[in-house]
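Please open the model in your viewer and keep a selection panel at hand.

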Amino acid sequence: VSFNQPKFSSTPIWNSNGIIFANRSIVGAKPRAIFVSPNNTIYVANQQNNTILIWHEESVNPTKIITGNFTKSSSLFVTSNGDIYIDDGQENGRVQKWIVATNTFVTVMNVSSRCEGMFVDINDTLYCSMFDHSQIVKRSLNDRVMTSNLVTAGTGSPGSAWNELNRPCGIFVDVNLDLYVADCGNHRVQLFQSGESNGITVAGSESLNPTTTLFLPTGIILDADKYLFIVDQGNSRIVGSDLNGFRCLAGCYGIGSQSNQLRNPYILSFDRSGNMLVTDSFNDRIQKFLPVKNSLTLSFNQPKFCPGAIRNSNGITFANRSIVGGHPTAIFISPNNTIYVANQQNNTILIWHEENINPTKIISGNFSQPASLFVILNGDIYIDDGDKNHQVQKWSAETNIFVTVMNVNSSCSGLFVDINDTLYCSMRNHHQVVKRSLNDHVMTSNRVAAGKGIKGSASNQLNSPVGIFVDVNLDLYVADCGNHRIQLFQSGELNSITVVGSGSINPTVTVGCPSGIILDAEKNLFIVDQEMSRIVGFGLNGFRCLVGCYGVGSKINQLYYPSGLSFDRSGNMFVTDTSNHRIQKFKYLKRYCANTLSVVQKTYSSLLTNNNQMYYRDCQKENFYYESIQVKVNKNGYYSFRGSGGIDPYGSIYNNKFNPLDPSENLLGQDYDGGFDIQFKLNIHLNVDMIYVLVVTTYESKEIGEFSIDVLGENEVFLDRLSTLVNIQLKYSSILTEDSPTYYRDCQVPQCHYEALQIHVNTTGLYVLWSESNINAHGYIYKNDFNPLKPPENLLLSHG
């Protein structure tokens, strides 16, 4: 291709401060069109004097200026041979091509509108986005005769239906000939798959999957992994997608002319190094944003856990009161496993370097009762000093001194520094989260990130916020303690969504004054549920209690009013167990994940009814309906069976076969309570050359209803139903009396009354004989004949 589609890391970021590549004196007023070729030649259309400016790699000033008879060009495109296609539609109704070999212009397309976007695909087809006609047209450049254009998207009338556009702007055509359109007037990006006239909304208004809010998008490009990058003109920013969804990349600090701002940008293009060049139209300049680093390295740990990750319920006391003082709240662990804890009692910061039992460094300062701290990659420590001194301080690892970096009028119950070096403070007493950019050398007033400063439970209010977390999309999560909920404030939004707790749209889990929050690599939430003295987390099967699940107390499996949590790089969880005056470490039991049970290999759904077979579960006297399922695997390994449903399922797994008359025979494992939302969970190693039987029954006797089983593992699993539904063929009723004959049952119990019945069937198969009575009945089946003087003779089966 003739343009750059860089391959970025999983979460790329760019320096929020742009460099002015060219100003008004060079590119004229309100520049729109820019193009960067793979050899880093940059092309810009100057609308003011109707020229094309060309910079060859690393040139500061244009190395070539092409003059033509085109006017007010909105777009241009350069092919691999250096030919330039330029919009000349507004006044002259055409697209022109400047031929590099002859240095001349020729008309290559007739249009009835200016081309706000232009593209030449891999088949040498030229596309024009006709803004005024709400349509995309195309023609093959291989056709020597300039025939009528073909319509590829839009009806020619503005509209918002799937086959309509409203003032389209930038366009992009990938190697599959799929067409992406910045549908400006509809505030969305549309994908028209090759040959299709109906579009799919992939970003913005009315997209099938929630993406990002757009306002008048004008430019679009895809990277090597087909992630979208969009010029969100009306919001004066650049947004992009990656593994974690959409987020703001540049111009994320409001509309303006500062180096970290844009004003009505129009088009973007990448150079081969991944630098982003943007026509900052209403600032009359071209801005260049440099990638910060090849990959986004966070200063804290976000482990990737296996589904249903298990932690030891018994904690290890990492540090007690003699070290961390009374009521510790703040803890932070860096990727190199350095642990930081604030001692509120003697106003120090304790530091443990990896694998040290005792602190390796103690930092003293003039801060007072710090409730939170945050550490960035270079080792600088941000610490709360708001309660008495109304400030946040930074300890510099390089100079070993403290400086004030933020003025606050409340203690910061939570601190966070995001990927753009913005510092956040959660002011519990003022019911608000505030922020300021650390790139601003002048310490101006803070900006409001969440909350109105007045206690409340509306979507734009908070009540005693504590812990905070900002993800790579700049979405803010707040532990809204007084409202017993977790609020999500999406980037730039002051109205929030309740994602956990009181008032959440989807039932999740009940939390009481949540105080700490963190997300793992999969964006699963982990919450310090302070009032319930536990840690809850989200996984494959929803929320469940992880640690502190055995009531409030000081035992090793208990917590007492915990405040904060942090993960080390191995996934072990460290909790400030505040009212027990200790730091507890809960080990991540990775061995139970075995071969990383991350993939759902099979989902099995069924129904227990009155027609299912029954047995005495655990040799109890109550009857239980059950279903047996044969299990085979094609590779040795660990597998996890997760049961859930409308019933309260009870799962057991057997080696080779299941004997309903002796449920303990061949039993490998059983479970009936895997967590709040998982009703049973069986993690077990299975061999390829074995047959296993999974039995699903219920916790309560004779319960019926639907259930499902998810089987997780690295390899394929085969499930086949074994048990058949029971169709009652015959009911027989009788009574044992004093006149009934007697015998020595099992040659041991004398004087047992009995009744013998002869059984005939007309079809060979599986039959179930079941008794219900008010006596302690025993049943025996014999082949051919029953001899009461020799009960073992001809005996096939017995139960009782």
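Contact here means heavy atoms within 4.5 Å. This is a predicted model, in which local features need pLDDT of at least 70 and side-chain atom pairs count only at pLDDT 80 or more, while totals for chains, interfaces and linings use all residues. Residues are numbered from 1 along each chain as its sequence is written, and side-chain values use heavy atoms, with hydrogens and water left out.

**First stop: the cores**

Select Val-433 and display its surroundings: leaving aside residues up to four places away in sequence, Val-433 touches Tyr-424, Cys-425, Ser-426, Arg-447, Val-448, Ala-449, Ala-450, Leu-462, Ile-468, Leu-476 and Val-478. A nonpolar core is a set of buried Ala, Val, Leu, Ile, Met, Phe, Trp, Tyr and Cys residues joined through side-chain atoms within 4.5 Å, where buried means under 20% relative accessible area, exposed over 50%, and partly exposed in between (1.4 Å probe, protein chains only).

**Second stop: the disulfides**

How many disulfides does the structure hold? There are five, a disulfide being a pair of cysteine sulfur atoms within 2.5 Å. Return to Cys-425, one of the contacts of Val-433, and select with it Cys-412, to which Cys-425 is joined with an S to S distance of 2.0 Å. This pair links distant parts of the chain, 13 residues apart, with Cys-412 in strand S34 (residues 412-417) and Cys-425 in strand S35 (residues 422-427); strands (E, at least two residues) and helices (H or I, at least four) are DSSP runs, numbered from the N terminus. The torsion about the S-S bond is about -100°, so the disulfide of Cys-412 and Cys-425 is left-handed. Cys-412 has 0% relative accessibility and counts as buried, and for Cys-425 the value is 0% as well, again buried.

Now select Cys-481 and Cys-513, a disulfide with an S to S distance of 1.7 Å. Cys-481 lies in the loop between strand S39 (476-480) and strand S40 (485-489), and Cys-513 in the loop between strand S41 (497-501) and strand S42 (514-519), 32 residues apart. Both Cys-481 and Cys-513 are buried.

Move on to Cys-545 and Cys-549, whose sulfur atoms are 2.0 Å apart in a disulfide; with -105° about the S-S bond, this link is left-handed. Is each end buried or partly exposed? Cys-545 is buried at 13% relative accessible area, whereas Cys-549, at 36%, is partly exposed.

By contrast, select Cys-169, which is in no disulfide, the nearest cysteine sulfur being that of Cys-184, 4.0 Å away. Cys-169 is buried at 0%, and Cys-184 is buried at 7%.

**Last stop: an open sheet**

Finally, select strands S38, S39, S40 and S41, which form an open antiparallel sheet in that order. Strand S38 (465-470) and S41 stand at the edges with a single partner strand each, so one side of each is left without a neighbour in the sheet. Two strands pair if DSSP finds at least two bridges between them; S40 and S41 pair in the antiparallel sense over four bridges. To see one of these bridges, select Leu-488 and its partner in S41, Ile-497.
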